[in-house]
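Trainee: Could we go through this structure term by term, setting each value against its cut-off before drawing a conclusion?

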Amino acid sequence: MEWVTVIGYLAALCSVSAFTPQAWKIIKTRDTGSISAPMYAINVVGFALWLAFGILKNEWSLIITNVLILALSAFILVMTLLPRTTKNAVADALNPAPARAGRSDEQADPANREMKHKGDVHR
């Protein structure tokens, strides 16, 4: 294998890996409040165009990479735009075990955190 090809596949691995932690964090925390929906929308369009370019050029490294990145970035965008109840349902479907048992009420709904702590001194 040529070094150019190795560098291309390493770049693809880094690109795909970069979106994975954000997607997983959304599944675990259900929090997308600090994510810029316009930025992810532009990313999704850009990755769709790179995918189209790869298909037109019949470049499998571009096709595979951009299919994966497009899926991850589109997932992040959709989760950012979904209402909380739907977002929770999607995240529960993708990570059912820890979703109910591992999250406190405060993690499930950050608005409850302030309400609970205003009246409670200690639990």
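Trainee: Where does asparagine 58 lie, and what makes it exposed or buried?

Mentor: Asparagine 58 sits in the loop between H2 and H3, where helices are DSSP runs of H or I with at least four residues, strands are runs of E with at least two, and numbering starts from the N terminus. Its relative accessibility is 53%, and since buried means under 20% relative accessible area, exposed over 50% and partly exposed in between, with a 1.4 Å probe and protein chains only, asparagine 58 counts as exposed. Please keep in mind that this is a predicted model, in which local features need pLDDT of at least 70 and side-chain atom pairs count only at pLDDT 80 or more, while totals for chains, interfaces and linings use all residues. Residues are numbered from 1 along each chain as its sequence is written, and side-chain values use heavy atoms, with hydrogens and water left out.

Trainee: What makes the pair of arginine 30 and aspartate 92 a salt bridge?

Mentor: The term asks for a side-chain nitrogen of Lys or Arg within 4 Å of a carboxyl oxygen of Asp or Glu, and the N to O distance between these two side chains is 2.1 Å, so the pair qualifies. Arginine 30 belongs to the loop between H1 and H2 and aspartate 92 to helix H4 (residues 84-94), so the pair ties together parts that are 62 residues apart in sequence. Both residues are buried, and a search of the whole structure finds 1 salt bridge.

Trainee: Why is threonine 32 called buried, and with which side chain does it make a polar contact?

Mentor: Threonine 32 has a relative accessible area of 6%, which is why it is called buried. Its side chain makes a polar contact with the side chain of lysine 87 at 2.6 Å, the term being a pair of N or O atoms within 3.5 Å, of which, within protein, one must be able to donate a hydrogen and the other to accept it, with residues adjacent in sequence counting only if both atoms are side-chain atoms.

Trainee: How do you know that the length of H2 agrees with what its residues should span?

Mentor: The expected span is 1.5 Å times one less than the number of residues, so the 21 residues of H2 should span 30 Å, and its end C-alpha atoms are 30 Å apart, which agrees.

Trainee: Which residues of H2 are buried, and how do you know on which side they lie?

Mentor: The buried residues of H2 are Ala37, Tyr40, Val44, Phe47, Leu51 and Gly54. They cover an arc of only 100° around the axis, which puts them on the same side of H2, the arc being that of the directions from the helix axis to the C-beta atoms. The face turned away from that buried side carries the exposed residues Pro38, Ile42, Leu49 and Leu56.
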